[in-house]
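This briefing sets out how the parts of one protein chain pack together, grouped by topic. Please read it with the sequence and the model side by side.

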Amino acid sequence: MRPIIKEADFRRQIKAPCGGGYLFFGDEDYLKAYAVRMARDVICADPSFAIFNDARLDVMDYTADRLLDALMPPPMMAEYKIVTLSGLDLNAMRPSEIDELCGVLEAAEEYPYNLLIVSIPAKGMEIGYLPKRPSGILNRLGEILTPVHFERTTPQKLAGWVGRHLEHNGVGADASVCRALIDTCGSDMFTLAAETDKLSYYVLSQGRTAAAAEDVPYVCCAVEEYDAFALANAIMEGRREDALQVLAQQRFRRVEPIVVLGEINRVFCDLLTVKTMSADSVPSAQISSALKMHEYKVGLYQRASAAIPWDRMRATVTLCTEADEMLKSSQRGYQVLERLICAI
């Protein structure tokens, strides 16, 4: 299998027109789409020939024969052309269809004038435990294409990206505004891009050049997404059925158990930290600053932690630590999480 590279590595490799094959996978579909657009701009520098040198297929019109048909013609008035295939759910494809796809991808080597990008949507392919134990399908495709892993952006990087997006639109914003936007709109970058533009246009329409935290709930739409706090709260309150239902949804979405446990553990540790600082009479604003947590969330955690006895809180963190060790040393996956919920 070829070495797995990151999005930044791909951007460095694609600065000049080139051929080759890449497999985009991971959680950040927005960054995959951005990387494809950047590659198109490099390969199709002359837009008058883009109709000949930019072949696009998606899941609705894909067949192995059509992909091969897209690869065969040489570029027009250029050294390379770009072929993109997007939207395939490899988890839903039959083994014979995977074999057919791999056959075409192997044949692509006969046409070195192509830059081929196969972009798999989030949850569209099992990836296993990277980088030590990639899944079988990733390992197989990685023999033919260079895998590019688009990892989920951290909250800190996401806040920085929101700030730069606002600045590009001519609007300034401090870190609290960026965090408020993420807290309200979620972490999906497609949604954030649209809501950031909306916030920018509103601020500029008011004759201002800087956004304020109170603009966010007034202008932006709140988005419901998986809530680790809600799951942790259900566990703490003994609402096992609710917690197990959320866990079942995560299992259906094929979220790695270690990721789910990491989110739960983070919430419990934050709750314990907020409870400890509040018990020492630390002001909410100071807690918010020290933990890099929005003040609204601090208040939420204060109310939740006040109802939880100290011994129960500490015992829960200990159980999470034990579950983490068990997950990393066994193959029981979601069974460990189910036992954790039932043990608390």
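Predicted model: local features only at pLDDT ≥ 70, side-chain atom pairs only at ≥ 80, totals over all residues.

Helices here are DSSP runs of H or I with at least four residues, and they are numbered from the N terminus. In that numbering, Asp-215 lies in helix α10.

**Nonpolar cores**

- The largest nonpolar core holds 40 residues, of which Phe-10, Phe-24, Trp-161, Val-162, Leu-181, Leu-192 and Leu-199 touch the most other members.
- At least two residues of this core come from each of the strands β2 (20-26), β5 (114-119) and β8 (146-150), and likewise from each of the helices α2 (29-43), α7 (155-168), α8 (175-185), α9 (189-205) and α10 (215-219).
- Leaving out residues up to four places away in sequence, Leu-181 touches Val-162, Gly-186, Leu-192, Thr-196, Leu-199, Val-216 and Cys-220.
- In soluble globular proteins, nonpolar side chains tend to be buried together.

- Strand β8 is mostly covered, with five of its five residues buried.
- Thr-146, Val-148 and Phe-150 point one way from β8, whereas Pro-147 and His-149 point the other way, and all of them are buried.
- Strand β1 (residues 5-6) runs parallel to β8 and is joined to it by two bridges, with Ile-5 standing opposite Val-148.
- Strand β2 also pairs with β8 in the parallel sense, over five bridges, and here Phe-24 is the residue that stands opposite Val-148.

- Helix α5 (residues 95-107) has 13 residues and reaches 18 Å from its first C-alpha to its last, which is close to the 18 Å expected at 1.5 Å a residue.
- The residues Ile-98, Leu-101, Cys-102, Val-104, Leu-105 and Ala-107 of α5 are buried, and what covers the buried residues of this helix includes α4 (64-71), β4 (81-86), β5 and α6 (136-141).

- Not counting residues up to four places away in sequence, Asp-215 touches Leu-199, Tyr-202, Val-203, Arg-208 and Cys-220.

**Aromatic rings**

- A search of the whole structure finds seven aromatic pairs.
- One of these is the edge-to-face pair of Tyr-30 and Trp-161, at 5.4 Å centre to centre and with 75° between the planes.
- Because Tyr-30 lies in helix α2 and Trp-161 in helix α7, this pair ties together parts that are 131 residues apart in sequence; both Tyr-30 and Trp-161 are buried.
- The rings of Tyr-202 and Tyr-218 have their centres 5.6 Å apart and their planes at 50°, so this pair is tilted.
- Tyr-202 is in helix α9 and Tyr-218 in helix α10, 16 residues apart, and the pair thus links distant parts of the chain.
- Tyr-202 is partly exposed, with a relative accessible area of 21%, whereas Tyr-218, at 64% relative accessibility, counts as exposed.
- Phe-10, Tyr-22, Phe-24 and Phe-150 form one aromatic cluster.
- Lys-275 lies over the face of Trp-310, at 4.9 Å from the ring centre.

**Arg-254 in a loop**

- Arg-254 is placed in the loop between α12 (240-252) and α13 (257-279), and it is partly exposed, with a relative accessible area of 45%.
- Apart from its neighbours within four places in sequence, Arg-254 is in contact with Asn-91 and Glu-126.
- Arg-254 and Glu-126 are 128 residues apart in sequence, while their C-alpha atoms are 8.1 Å apart in space.

Technical notes:
Residues numbered from 1 in each chain as written. Heavy atoms only, no water. Core = buried A, V, L, I, M, F, W, Y, C linked by side-chain atoms within 4.5 Å. Buried < 20%, exposed > 50% of the residue type's maximum accessible area, 1.4 Å probe, protein only. Contact = heavy atoms within 4.5 Å. Pairing = 2+ DSSP bridges. Expected span 1.5 Å × (residues − 1). Phe/Tyr/Trp six-rings, centres within 6.5 Å; stacked < 30°, edge-to-face > 60°. Lys NZ or Arg CZ within 6 Å of the ring centre and 35° of its normal.
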